[in-house]
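Hi,

Here's the structure I said I'd pass on.

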Amino acid sequence: NFDQKAALIAQYRWSKLVGRIDSNFSIETGGNREVNEITTTQSFSNSLRFQYDYSEKTSFDLKFSQDASIVEEFQNTNQYEVAGGMGYQIFPKTNIGFEVVGGVKEPPPSPLQYYQQARLRLNYTATGKLTFMFSGGVEVLEFEGEDSIKATPVFSLGLAYRPFDGTSLSL
């Protein structure tokens, strides 16, 4: 099969404000675990992010994102999300902060799912080129038309490697 993937990433800095656009598109044919079939899946992912460096130690960020998955002959899914937070450099190599996230998932045929997250963030810069990242908190999930609310822990781990100026690899 001939799969297609494309990405557009653009970033611009105005003094203390950084704006970034990420847009990804793919068409893949093959096994799809979600529907347990061989099918063609089109995926779209877009985000707009702003980061404002208030001072040398304090920064604020805001992100809007959208994800869509169109599976041939099956249900399509959509997700919309807004995230905002702040960070503070508590030590020369350590940055702490918090983040709040809100979003909605449209997973047909299920009802809409509304979610909110509150997270603490911790970044540690081991060297000038290597940074470790941790985020942890709680997610509250609500289903449209139901009175049930589920709360679960959420976390993420990551690292960023910057081998050269202007080059970043993330995991």
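To start with a quick one: which strand is L157 found in? L157 sits in strand 9. Keep in mind that this is a predicted model.

L157 is worth a click. With a relative accessible area of 65%, L157 counts as exposed, because the cut-off for that is over 50%. L157 also belongs to a nonpolar patch on the surface, along with Y88, I90, F91, I96, L122, F134 and F155. Together these residues have about 810 Å² of accessible area. Strand 5 (77-91) and strand 9 (149-161) are the elements that give two or more residues to the patch, and strand 5 has the largest share, with three residues.

Now the overall fold. Ten strands make an open sheet, ordered 1-2-3-4-5-6-7-8-9-10, with antiparallel pairing. Strand 1 (4-14) and strand 10 (169-170) are at the edges with a single partner strand each, so one side of each has no neighbour in the sheet. Further in, strand 6 (residues 94-106) runs antiparallel to strand 7 (residues 113-125), and twelve bridges join the two. If you want a pair to check, G102 has Q116 as its bridge partner in strand 7.

Leaving aside residues up to four places away in sequence, L141 touches Q113, Y114, Y115, S148, I149 and K150.

Cheers

Notes
Residues are numbered from 1 along each chain as its sequence is written. This is a predicted model: local features need pLDDT of at least 70, side-chain atom pairs count only at pLDDT 80 or more; totals for chains, interfaces and linings use all residues. Side-chain values use heavy atoms; hydrogens and water are left out. Contact means heavy atoms within 4.5 Å. Two strands pair if DSSP finds at least two bridges between them. Helices (H or I, at least four residues) and strands (E, at least two) are DSSP runs, numbered from the N terminus. Patches are made of residues with over 30% relative accessible area and no salt bridge: like charges are joined within 9 Å, nonpolar side chains (Val, Leu, Ile, Met, Phe, Trp, Tyr) within 5 Å. Accessible areas come from the Shrake-Rupley method with a 1.4 Å probe; for residues, only the protein chains shown count as cover. A salt bridge is a side-chain nitrogen of Lys or Arg within 4 Å of a carboxyl oxygen of Asp or Glu. Buried means under 20% relative accessible area, exposed over 50%, partly exposed in between (1.4 Å probe, protein chains only).
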